[in-house]
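Subject: Structure handover

Hello,

Please find the structure below, followed by notes on what was found in it. Comments are welcome.

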Amino acid sequence: EPKIIENGIYVGEFPLIRFAGDFDFDERRRKIEFDFDMIEILGLIKINLSRKDVAKIGASTGLGSANNEKLADTGRRAFFDWISADDQIATARGGGGGLALWKRVG
């Protein structure tokens, strides 16, 4: 059974837009590779798309890297290289070079 990753833009706990897809984590290389293949809008409309379509939407809206389109063209997946993580915060470098930060809430 595939592992699922989610990301989105929320107002409080309400998702304006949410992305979901499968992922793999290479513990030795500290790398997570993933594909989003579902977009949900306002919690009401679910749209299943190809990797390439999702990469194109991400790049054109600023929600993803233009590099993800190139990866999709070559059959490779978007990725993050983990820098550090503890019980409060995680940091990683994205495939497009950006720094990603996640903070535990709740």
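A patch, as used here, is built from residues with over 30% relative accessible area and no salt bridge, with like charges joined within 9 Å and nonpolar side chains (Val, Leu, Ile, Met, Phe, Trp, Tyr) joined within 5 Å. Accessible areas come from the Shrake-Rupley method with a 1.4 Å probe, and for residues only the protein chains shown count as cover.

The model is predicted: local features need pLDDT of at least 70, side-chain atom pairs count only at pLDDT 80 or more, and totals for chains, interfaces and linings use all residues. Residues are numbered from 1 along each chain as its sequence is written, and side-chain values use heavy atoms, with hydrogens and water left out.

Nonpolar patch

A nonpolar patch on the surface is formed by Ile9, Val11, Phe14, Leu16, Ile41, Leu42, Leu44, Ile45 and Ile47, and together these have about 770 Å² of accessible area. Strand E1 (3-11), strand E2 (14-26) and strand E5 (45-48) are the elements that give two or more residues to the patch. Helices (H or I, at least four residues) and strands (E, at least two) are DSSP runs, numbered from the N terminus.

For burial, buried means under 20% relative accessible area, exposed means over 50%, and partly exposed is in between (1.4 Å probe, protein chains only). Leu44 sits in the loop between strand E4 (38-41) and E5, and counts as exposed because its relative accessibility is 71%. Leu42 is placed in the loop between E4 and E5, and its relative accessible area of 42% makes it partly exposed.

Backbone

Most residues other than glycine have a negative phi. Leu42 has a positive value, near 55 degrees. Arg30, also not a glycine, has a positive phi of about 55 degrees. Arg30 is in the loop between E2 and strand E3 (31-34) and is partly exposed, at 41% relative accessibility.

Salt bridges

A salt bridge is counted when a side-chain nitrogen of Lys or Arg is within 4 Å of a carboxyl oxygen of Asp or Glu. The count by this rule is seven.

Arg18 pairs with Glu40, with the closest N and O atoms 3.2 Å apart. Arg18 is in strand E2 and Glu40 in strand E4, so this bridge ties together parts that are 22 residues apart in sequence. Arg18 and Glu40 are both buried, Glu40 with a relative accessible area of 8%. Glu40 also forms a salt bridge with Lys46, at 3.9 Å between the closest N and O atoms; Lys46 is exposed, at 59% relative accessibility. Glu6, Arg18, Glu40 and Lys46 are linked in a network of salt bridges.

Asp22 and Arg77 form a salt bridge at 2.8 Å, N to O. Asp22 belongs to strand E2 and Arg77 to the loop between helix H2 (66-73) and strand E6 (78-85), so the pair ties together parts that are 55 residues apart in sequence. Asp22 is partly exposed at 25% relative accessibility, whereas Arg77 is buried at 13%.

Second largest pocket

A pocket is an open set of points on a 1 Å grid over the protein atoms alone, where a 1.4 Å probe fits, with protein on both sides within 12 Å along at least five of seven lines; lining residues have an atom within 4 Å of a point. The second largest pocket has a volume of about 240 Å³, volume being the space filled by probe spheres set on the grid points. Its lining consists of Tyr10, Gly12, Glu13, Trp102, Lys103, Arg104 and Val105. By class, three of the lining residues are nonpolar, one is polar and three are charged, where Ala, Val, Leu, Ile, Met, Phe, Trp, Tyr, Cys and Pro count as nonpolar, Asp, Glu, Lys and Arg as charged, and the others, Gly among them, as polar.

Regards
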